[in-house]
Amino acid sequence: MENKLIVSLSPHVHSGDSIQRNMYGVLIALVPALLASLYFFGLGALIVTGVSVAACLFFEWAIVKFLFKRETTTLMDGSAAITGVLMAFNLPSNLPVWIIILGALFAIGVSKMSFGGLGNNLFNPALAGRVFLLLSFPAQMTTWPVVGQLTAYTDAATGATPLAVMKSLKYGVPVEAMDQFSTWGLFLGSKAGSLGEVSAVALLLGLAYMLWKKIITWHIPVSILATVFVFAGIMHLADPAVYVSPVYHLITGGLMLGAIFMATDYVTSPMSKKGMIVYGVAIGLLTMVIRLFGAYPEGMSFAILIMNAFTPLINTYFKPKRFGEVAKKK
């Protein structure tokens, strides 16, 4: 009777996954995009990313220790570091330090910890921080340094983004204005924009790594990219003088970054595969509606946050099969 056997609740299968393992896997997948941002923006990328990560780590530590009164912190699970990197990837490389710190405070303090921490937040913290800064500091958040100024920071020369030029086609600017952006150049990253969105090839390398390691599944990124391609293709065929090729939409702006790293966030995305596809299609549609008909050139951040709010509803109607459940015969 000394050696009692205690049987815990089912299921009794362990896959070897953990929050920490998956979070650090995402950080590894972000390395190509980080290296690309350092290559194209140099000092500005280093400062923005370093400040963003440090501020997110600090605010999470401070909130857990002084507000939650917990002895153990959650810094080592990697989630705060990912928030810092992803928020930096959504910022221009010349953004002042104090604005980055405010964004980190909103991302961690308001969007994550006020809900109870990792696993309880309704909205993606990095995107919430980015949108907060966009609405609060629109001039600073829409001033884009051109690539190649490796030693410049706040005094970097700025230029127009491909999405801004696309938007101007509706107001009489000839479609030939897009000729300044070659498809190959856009794919590699030689364009103005946020740190982590400029190089599509670097983001695709990250996607390949996460699919290989089974950190994410294909359902959300593929459904987003396919929806954008089809929607943009229909509009281009309808009026090629106003609406550019769908390839341009896929490799410009924050579409790749959002589809691969932001929309696939475990906490704020649906659990079932069918729900993921519905979620991805809706994000793709909303992104294109905002890009083509809205006031902002980019709609990815808003689309993901809107669908974050619908994730509980999607989970209600598209529930994953229970462990051990036998399919019903028709």
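A residue is called buried when its relative accessible area is under 20%, exposed when over 50%, and partly exposed in between (1.4 Å probe, protein chains only). By this criterion, 50% of the 330 residues of the chain are buried. The model is predicted, so local features need pLDDT of at least 70 and side-chain atom pairs count only at pLDDT 80 or more, whereas totals for chains, interfaces and linings use all residues. Residues are numbered from 1 along each chain as its sequence is written, and side-chain values use heavy atoms, with hydrogens and water left out.

The chain holds 15 helices and zero strands (DSSP runs numbered from the N terminus; helices are H or I of at least four residues, strands E of at least two). Its radius of gyration is 21 Å, close to the 20 Å given by the globule rule for 330 residues, so the chain is as compact as a globular protein of that length (radius taken over C-alpha atoms; the rule is 2.2 Å times the number of residues to the power 0.38). Along the principal axes, the C-alpha atoms fill a box of roughly 85 × 55 × 30 Å. Of the contacts (heavy atoms within 4.5 Å) between residues at least 6 apart in sequence, 75% join residues at least 24 apart.

His-249 lies in helix 12, which spans residues 246-251. This residue is buried, with a relative accessible area of 3%. Beyond its neighbours within four places in sequence, His-249 contacts Met-166, Val-228, Ala-232, Val-244, Leu-255, Met-288, Arg-291 and Leu-292. The C-alpha atoms of His-249 and Leu-134, which are 115 residues apart along the chain, are separated by 21 Å.
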